Amino acid sequence: MAHIGKRITKAREGIERIIESSDDLEVVISAANGGELLDGLGRQPADVVVLDLSLPDVQGLELIRRVRESAPETQVLAFTMHSEEALGVNSVRAGALGFLTKGAAPSQLREAVDAIRTAEIERLSGRMVDFTDEQRETV
């Protein structure tokens, strides 16, 4: 199961289709803002949240922290149009397990969600930030 935090309905629907094209993935809620996402997590558990870091009501890194605090069993994939490495590092510091740019191929998004869901984090064409426990301690 995956939650999607995206503000643009059409883009959000496209992400939903990509995720649901996998036989073993299902979108359980689609949220237009951080409040909706947190409310949804309170009602429906999720394995992975695909989180747009540019939601209108809550700063992305703060929302990662809130998701991890309110639903510690839920993992976060930060999803953004920005490709700066520092944003990936800061996303991981905030609690995300991965960082993927919106320019990634649909297959990379499915692979990233599945990798996070199964806790088998791996590098996906250089677009997913992957840190071992030892590396996490240094960031």
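These are my notebook entries on a predicted model of one chain.

**Overall layout**

I began with the secondary structure and found six helices and five strands in the chain. I read the order of the elements from the N terminus as β-α-β-α-β-α-β-α-β-α-α. I then looked up burial: of the 139 residues, 48% count as buried. The chain exposes about 6900 Å², and I note that carbon and sulfur atoms supply 44% of that area. For contacts with a separation of 6 or more, I found that 59% come from residues 24 or more positions apart.

**Helix H2**

I went through H2, residues 34–43, for burial. Gly34, Leu37, Gly40 and Leu41 are buried. I checked how they are placed around the axis: these residues span an arc of only 125 degrees, so they sit on the same side of H2. On the other side of the helix I found Gly42 and Arg43 exposed. I also looked at the N-terminal end of H2, which is capped by Asn33. A side-chain oxygen of Asn33 lies 3.0 Å from the backbone nitrogen of Gly35.

**Salt bridges**

Lys102 pairs with Asp52, and I list 3.1 Å between the closest N and O atoms. Lys102 belongs to the loop between strand S5 (98–101) and helix H5 (106–117), whereas Asp52 belongs to strand S3 (residues 48–52), so this pair ties together parts 50 residues apart in sequence.

Arg66 pairs with Glu62, the closest N and O atoms being 3.4 Å apart. I placed both in helix H3 (residues 60–70), where a spacing of four residues separates them by about one helical turn. Arg66 is partly exposed at 35% relative accessible area, and Glu62 counts as partly exposed at 31%.

Asp114 pairs with Arg117, with 2.4 Å between the closest N and O atoms. I found both in helix H5, three residues apart, about one turn of the helix. Asp114 is partly exposed, with a relative accessible area of 26%, and Arg117 is partly exposed, with 27%. I followed the shared partners from here: salt bridges join Asp24, Asp114 and Arg117 into one network.

Methods
Residues are numbered from 1 along each chain as its sequence is written. This is a predicted model: local features need pLDDT of at least 70, side-chain atom pairs count only at pLDDT 80 or more; totals for chains, interfaces and linings use all residues. Side-chain values use heavy atoms; hydrogens and water are left out. Buried means under 20% relative accessible area, exposed over 50%, partly exposed in between (1.4 Å probe, protein chains only). Helices (H or I, at least four residues) and strands (E, at least two) are DSSP runs, numbered from the N terminus. The arc is that of the directions from the helix axis to the C-beta atoms. A polar contact is a pair of N or O atoms within 3.5 Å; within protein, one must be able to donate a hydrogen and the other to accept it, and residues adjacent in sequence count only if both atoms are side-chain atoms. Contact means heavy atoms within 4.5 Å. Accessible areas come from the Shrake-Rupley method with a 1.4 Å probe; for residues, only the protein chains shown count as cover. A salt bridge is a side-chain nitrogen of Lys or Arg within 4 Å of a carboxyl oxygen of Asp or Glu.
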